[in-house]
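Okay, thanks for coming, everyone. Let me put the model up on the screen, and then I'll walk you through a few bits of it.

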Amino acid sequence: MSGDKAIDLLQGTLDMLVLKAVSLGPLHGYGVLLRIQQISQNRLEIQQGSLYPALYRLEHEGWIAGEWGLSENKRRARFYRLTAAGRRRLEMETRKWHDFADVVGTILKTAPEER
Amino acid sequence: MSLRSRVATWWKAIFRAQGLDQQVAEELQFHIESYAEDLMRSGVPRDEAFRRARAEFGSLAAARENSRHAWGTRFFDELRGDLRHAARVLAKSPGFTAIAVASLALGIGANTVIFTTAQHALLDRLHVPHPEQLRLLWNTDNGDVVHMFWGHFGQGPDGKSETTSFSYPVYEQMRRENRALAQLCAFKNSFPMTATIDGQAESVSTQMVSGNFYATMEVQPALGRAIEERDDGKPGSGPVVVISDAFWTKRFGRSPAVIGKTIDLNGTSMTVIGVNPAQFTGAFSAQRSPEIFLPFSMQPVVAPFGTKSLLTNNDMWWVMMMGRVKPGLAGASAQAQMNALFQASVRGTMTLKAGAKMPVLLLQDGSRGQNSNAELSKPIYVLLGLAGLVLLLACANLANLLLARGSARQREMSVRLAMGAGRRRILHQMLTESLLLSAMGGAAGLLLAYGMRNIIPRLLADPWGPPAFNATFDWGIFAFTAGVSVLTGLVFGLAPAWQATRVNVSAGLKEAGQTTTHRRRGLSGKAIVVLQVSLSMLLLVGAGLFVRTLVNLDTAQLGFQPDHLLLFDLNPPGTRYPSGKDVALHRALEEKLAGVPGVEGVTLSQNPLVAGSISNGPFTPSNQAKTEQEQDAEYNVVGERFFATMGIPIVAGRGFNNADTETSRKVAVINRALAKKFFPGSDPLGQTFRDGERNSQTITIVGICGDAHYDQVQAAIEPTYYMPYRQHGDRKGGMGMTYEIATRIKPEAMVPELRAAVQSVDRNLPLVDVRTQKEQIAATMQQERILADLTAGFGLIALVLASIGIYGIMAYSVSRRTNEIGIRMALGAQPRRVLRMVLGEASWIVAIGMVAGLAGALALGRLVASMLYGLKPWDPATFAMSSTLLLLVAVGASWIPARRAAGVDPIKALRHE
């Protein structure tokens, strides 16, 4: 389902994306995948196999909480929601990401001096 | 991140592993199905949709595993794998595992038992608040002052006599004027008394205490009230008792209604006012509590001792004193003050000869009471030492086994390293294996120690009495011994792995590489075997010495016939049987018991034979000048048929008969040793002597009997004389005697008949300490028996461990040298020569170990010299026997590898390379 111009995910950003996806409302694992793809307009390639270890890692850290519920098609699915700790984490990660992107962007935008 | 969620998820992952697996699987399944449905909705056929969904997802198994690991299970999954692997490895070599676990278990078990016993016997403190403040009062150098005493009387390290007994008037004055100690109280473990409760009589142990005893001990009864000053007023004013927790359980079923109950003690009605806390054992011993505590005021009534009250007797030294130190007052200054007070009290209460030396008062640690287990300390120290050797031996054995195994597995390690296993991972695996082995050994040792924890206290006690003390299982000691053994397992289990993982992989994989890496291990292995052999030698010699001591004691000539004799004690209370009446009672009982069917002979004696007690007094032949130095002899007061019943031969003159009555001429029978010492070259028959205190009347010697052991077999037979009890009733009345009944009927069948016979004379007279004469003799050899049993056990363990060590090292050496042996044989060496070569190598190891062990045994032997009987610590026979035994076992153990070496086929051995 990868788009034509798929971008490889930077190391360590998957956690942030999952937190962001879940912050918009409780989702099951497949839903997280769909929401990230939908928001990114299919420009991000996510390894489906690495999604679940990430979900379990985030739950282990206490940033998201999993609960069984019913999906749209009335099937049993595990829904994840953001916890208070997860919200703080997301804010921090977002700030860090923007800082990082600013710095990298500034460096990359620097025009070569006269030569 | 939150610790709570981490712990919660981790907990679930470890302990609900199955549930978690299922949850992950269900989630993944949902994911695949949802994706496939989406694909089908866009027109992809069902089968194709599922195939694509699965393919794009990647490895389901990896996702499952990684999800689980995200919850922190990696360590446990690996541990579980390691444990499973270790269990398989250990199960594959059951011989190795069994030996390793058994040597660990023996080392841990034996040491825990011995250490626990030692701790109790040597270190137990009284269960009172601040026992370290307690001081027990002693007096020494008292030969000029103390002529009559009752209690402990011994010799201090400086050779001066010392005792914890004081006269009651001295106690009273010291207590009145005491300023140096915070408290000063008195107590005395009295003779057994007869308690009649609800019509049933039994013998009870007692302690008399002063009115301030409980206050000094700072102990409150668990029930009721303590003995107080108001109970300890004028004689007879306090007919009250406090009972021990154990007695409360035994006789009253822990009923609270016991308070206020009246019991009959030696014929006096006493009221139970309190029950002691379970842990409190009185002031005398920290191990065993008397059953009944009563105030001193009751002594003249309940336990009369002669006609005069002991409480006003200035000459009788019998009361023990305990005090508490005053905070802030230095020990030396308190002792000086108390000593001055003590000497003033002695002067104030006794009429002393001019120039009499004053005894000296000592304040000594009272936190363990009189520490009556002091006589146990020596055998316990010996056992501690030997058990320590066994632990060392067990550890050496384990080390040897693990080292040999480690080098045998060098190849396995190299293979695993070559296949990419991390060094940490291999060490982790080896650690798990060592830990599993240690844990199994520890568990087996725990079972062994727990099962045996009471074996030594029981061995130490008389077989017919309660255990010497109750050993409580001590986890601290177990942790220590287990820790030592487990540490050994870890160190020697990991060392080879550590070395193996450092070795160049390709060298490890090549056969030839072994020779270089193994030389070091061969040397350290041999050193360990030498250590094992020398330790075994030491233990074997120890076992030999103690076993031979016991054999010597068992086969020693007693001088009397111990078979088919049943013993019991009768202690008629002086309150009901004053002087004269007690003799009549014993005469009636003697007659009654002789009439019981199955009884072949009845006699009685003041002291039973070989029971550790004697009577001793001055012996002055009438024909000898008075100026000569006073000499002592041992004596026993016995029944008319004593010699016939005990099988002691009368060698000259006559024994006693019914013409020797209370009013007839006083007579005595002497033994040969006495005749030889006091009447050399003359005929003692018809001569007379005086026996010190009873010097109003001379005693005529009417017979000479053979020498018979009196208090113990271990010592030489002393000059002894015997007197009929009818002529020597104690002035204090209440004469207690031991009855000796000759019967061929089993004791169990006989005792009820005897009891009935005694009760037909007096139903309030209990039979005490029923035992056979042989049990009585065995009881005095308990120390020797324990030492012999345990050291023989240790020696056996040592032999087994040493033979395993020797076998292991030789088998290893032969397998390593297979190639060399093959070459030798190809060059013409005879199999017999090869056999001799291997046996020769083993002999060297064993010889070095044996010489070291024998040297150690010689050096340590003098420490046990005083515990041996009939042999010296350098007993050549023992040394020769132990060496021969060890040599035989060593040759036997190396015979199998030697045979294997001799059977090497040179062709095969060379092709093998």
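**A hairpin and its neighbours**

So, start with the hairpin of S11(B) and S12(B): two residues sit between the strands, and Asn266(B) there has a positive phi near 50°. Before I go on, this is a predicted model, so local features need pLDDT of at least 70 and side-chain atom pairs count only at pLDDT 80 or more, while totals for chains, interfaces and linings use all residues. Residues are numbered from 1 along each chain as its sequence is written, with chains lettered from A and ligands numbered from 1 in the order in which they are written.

Strands here are DSSP E runs of at least two residues, helices are H or I runs of at least four, and both are numbered from the N terminus. Strands pair if DSSP finds at least two bridges between them.

What is the bridge partner of Val240(B) in S12(B)? That's Thr271(B) again, and S10(B), residues 240-243, pairs with S12(B) in the parallel sense over four bridges. Then S9(B), residues 223-224, pairs antiparallel with S12(B) over two bridges, with Leu223(B) partnered to Val275(B).

**Where chain B touches chain A**

Contact means C-beta atoms, placed from the backbone, within 7 Å. On that basis, 24 residues of chain B touch 19 of chain A. On the chain B side, H1, H2, H3 and H4 each give two or more residues, and H2(B) gives the most, with seven.

Definitions and conventions:
Two residues are in contact if their C-beta atoms, placed from the backbone, lie within 7 Å.
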